[in-house]
Amino acid sequence: MAEESLPPSPNSPAVAPPPPPRDDRPLSVQATPPAQPPPPPPPPLKPNTIRRPPIRVTSEFDSASSIFFQKISCKFLDNLAKLKLTFQNNNKGEIADPQLAFISKHLSVFYDVREHNALLKGSVDAGSRLRFSAAHDIKAQQGEVAMVANLAGPAYNLELSSPVPSAGLPKATLTFPLGVVSLEGKEEVEVKRSLSINGLLTSPVLNGLCTAQYKEEDLKLRYCYKDEEMAFIPSISLPSKALSFAFKRRFGPSDKLR
C-alpha cells in the first residue's frame with residue numbers, strides 16, 4: 001500500500017529555495033551586458049557668410065536717337081525690396097537722367113540725382129477689396145491720392161484718383177479683363193469744363209496680342225508677337241498714320257525679354 005503524502009503543517013518552518021548555481025568561469029568569460037553605442041558627433045558649424053543678392057543688368061538701344069537706356073537692379077531682404085539705378089548714355093559715353101529707386105510693397109522712393117528731387121509713393125490695404133495709395137513730389141509740392149476697389153474679382157477694379165491740391169472732379173478708371181476705360185474732367189479755353197474719355201482694349205490675334213489705345217483723340221494700334229526667343233511689335237497711330245516697328249531678341253536663358 002502506497003504511503004500518502006501529508007500536507008505540511010502550518011507550524012512547520014518554511015523551506016528556503018536552493019541557491020543559484022555558482023559560475024566558476026573566469027571573469028573575462030562570464031557574460032557581460034552589451035556596450036552602449038557612442039553618441040553621434042555634433043553637426044559641423046556652418047560658416048557665417050552673407051549671401052550677395054543677385055544683380056540684373058538691362059540695356060536697350062534706340063536707333064532713332066542713338067541712346068542707350070541702362071538699368072541695374074537687385075533684390076534684397078528676401079525679395080521684400082528692390083534697389084534700381086537707371087540712366088541714359090549716348091554713343092560718346094555721356095550719362096544723362098540718372099535716377100535711383102527703392103521699391104517695396106507699401107513704400108517706394110524715386111530720387112532724381114541731377115534735379116535733387118524725390119518722389120514718394122505709398123499704399124495701404126483696407127481689407128481684401130480696398131486699397132488707398134498716395135504720391136508726393138517733394139520739389140513741386142504736388143501729389144495724388146487714389147482709392148482702388150476690387151469689384152467682382154481681381155480682374156475688375158474701379159479706381160478714383162485726384163491730384164493734390166485738388167483741381168476738380170476725381171478721375172475714374174475701370175479695369176476689366178479686356179482693357180481699361182477712364183473718365184476725367186478737363187478745363188479748356190472755349191469750354192470751361194468737358195469730359196475726356198481714354199481707353200485701352202486688348203485681344204489675342206494670330207498667336208499674339210493686339211492692343212487699341214485711344215487717348216486725347218488719337219488712336220494707336222499695336223500688335224505684339226512674343227515667344228521664348230524674340231518679340232516683334234509693329235504699331236500705327238491714327239490719324240497721323242505714324243508707323244513704327246520694334247524687334248527684341250533674347251540671347252541667353254538669363255536674359256529677360258519684355
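How do S5 and strand S6 pair, and over how many bridges? I looked this up in a predicted model. S5 and S6 (residues 117–125) run in the antiparallel sense and share six bridges.

**Entry 1: around S5.** I picked one bridge to follow. Val109 has Leu120 in S6 as its bridge partner. Then I checked the turn. The hairpin of S5 and S6 has four residues between the strands. In that hairpin, His116 takes a positive phi near 55°.

**Entry 2: the other neighbour.** I moved on to strand S4, residues 95–104. S4 pairs with S5 (residues 107–112), again in the antiparallel sense, over five bridges. Ala101 stands opposite Phe110 in S5. Two residues make the hairpin link from S4 to S5.

**Entry 3: the whole chain.** I counted elements next. The chain has 16 strands and zero helices. Of its 258 residues, 13% are buried. I also looked at contacts with a separation of 6 or more: 6% of them join residues 24 or more positions apart. The chain exposes about 21,100 Å². Carbon and sulfur atoms supply 61% of that area.

**Entry 4: a nonpolar patch.** I found a nonpolar surface patch of about 640 Å². Its residues are Ile55, Val57, Ile72, Leu83, Leu85, Leu100, Tyr111 and Val113. Strand S1 (55–62) supplies at least two of the patch residues, and so does strand S3 (81–90).

Notes:
Residues numbered from 1 in each chain as written. Predicted model: local features only at pLDDT ≥ 70, side-chain atom pairs only at ≥ 80, totals over all residues. Heavy atoms only, no water. Patch = residues over 30% accessible without salt bridge, like charges linked within 9 Å, V, L, I, M, F, W, Y side chains within 5 Å. Areas by Shrake-Rupley, 256 points an atom, 1.4 Å probe, with all protein chains shown as cover. Salt bridge = Lys/Arg side-chain N within 4 Å of Asp/Glu carboxyl O. Buried < 20%, exposed > 50% of the residue type's maximum accessible area, 1.4 Å probe, protein only. Contact = heavy atoms within 4.5 Å. Pairing = 2+ DSSP bridges.
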